[in-house]
Amino acid sequence: MYKKSLGLIFLISCLACSTEKNDKSKADSTGTTSQMVFDKSRWNVSEGLDYPFRDRMVNDVVYNDTIRDLSKNEILDLLGEPDRINENYLYYLVDQKRIGNWPLHTKTMVIKLTGDSIEWIKIHQ
């Protein structure tokens, strides 16, 4: 009886581990964190307080040399109005995890301007 109980516990443990592994592979295969090429119309799509496409497009903006050569007016035309402006900094909300209206984690793209040109683009988390 003792050996059967021990065998049953071992079998359940093995099955539980393999199910968790399958769930992770399904989450990876959905492509939720896959990157997208920048698209002006999708960048500005908002669903309430969220921007569903920005997190997948932000790397294309940050590491794009063509965008870095644009003037302030061209940036505003391309990316739209920022969520916040503070002196020479433009802040674009990328992603925000919250409970109700209380933010837990915020990901923001910050563009620092020097005169009419871009000095740098960074992601702030």
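**Figure 1. Thr108, a buried residue of strand E3****.** In this predicted model, Thr108 has a relative accessible area of 12%, so it counts as buried. Buried means under 20% relative accessible area, exposed means over 50%, and partly exposed covers the range in between (1.4 Å probe, protein chains only). The residue sits in strand E3. Thr108 touches Tyr91, Tyr92, Leu93 and Val94, and also Lys122, Ile123 and His124, leaving aside residues up to four places away in sequence. A contact here means heavy atoms within 4.5 Å. Residues are numbered from 1 along each chain as its sequence is written, and side-chain values use heavy atoms, with hydrogens and water left out. Because the model is predicted, local features need pLDDT of at least 70 and side-chain atom pairs count only at pLDDT 80 or more, while totals for chains, interfaces and linings use all residues.

**Figure 2. The E3–E4 hairpin****.** Strand E3 spans residues 102–114 and strand E4 spans residues 117–124. They pair in the antiparallel sense over 7 bridges. Two strands pair if DSSP finds at least two bridges between them. Ile111 has its bridge partner in E4, Ile121. The hairpin leaves 2 residues between the strands, and Gly115 takes a positive phi near 70° there. In a regular strand the side chains alternate between the two faces of the sheet.

**Figure 3. The largest nonpolar core****.** This core has 20 residues. A nonpolar core is a set of buried Ala, Val, Leu, Ile, Met, Phe, Trp, Tyr and Cys residues joined through side-chain atoms within 4.5 Å. Trp43, Ile75, Leu79, Tyr92, Met109 and Ile111 have the most contacts inside the core. Two or more residues come from each of helix H3 (54–62), helix H5 (72–79), strand E2 (89–99), E3 and E4. H3 gives the most, with 4 residues. In soluble globular proteins, nonpolar side chains tend to be buried together.

**Figure 4. The surroundings of Met109****.** Residues up to four places away in sequence are not counted in this view.

**Figure 5. Aromatic pairs****.** The structure holds 4 aromatic pairs. One of them, between Phe38 and Trp43, is tilted, at 5.8 Å centre to centre with 55° between the planes. Rings of Phe, Tyr and Trp (its six-membered ring) pair if their centres lie within 6.5 Å; planes under 30 degrees apart count as stacked, over 60 as edge-to-face and the rest as tilted. Phe38 is buried, at 16% relative accessible area. Trp43 is buried too, at 0%. Tyr89 and Trp120 form another tilted pair, with 6.0 Å between centres and 55° between planes. Tyr89 belongs to strand E2 and Trp120 to strand E4, so this pair ties together parts that are 31 residues apart in sequence. Tyr89 is partly exposed, at 24% relative accessibility. Trp120 is partly exposed at 22%. Ring pairs also link Phe38, Trp43 and Tyr92 into a cluster.

**Figure 6. Glu87 and Asn64, two loop residues****.** Glu87 is found in the loop between strand E1 (84–86) and E2. Its phi is near 50°, a positive value in a residue other than glycine. Most residues other than glycine have a negative phi. Glu87 is exposed, with a relative accessible area of 71%. Asn64 lies in the loop between H3 and helix H4 (65–68). Asn64 is partly exposed, at 21%. The C-alpha atoms of Asn64 and Ile121 are separated by 10.0 Å, though the two residues are 57 apart along the chain.

**Figure 7. The whole chain and its confidence****.** The protein has 5 helices and 4 strands, in the order α-α-α-α-α-β-β-β-β from the N terminus. Helices (H or I, at least four residues) and strands (E, at least two) are DSSP runs, numbered from the N terminus. Of the 125 residues, 25% count as buried. Among contacts between residues at least 6 apart in sequence, 37% join residues at least 24 apart. Mean pLDDT is 81, and 80% of the residues reach 70 or more. pLDDT is the predictor's confidence in each residue, from 0 to 100. Over residues 18–32 pLDDT stays under 50, and the model has 3 contacts beyond four places in sequence for this stretch. Where pLDDT is low, the predicted coordinates should not be read in detail.
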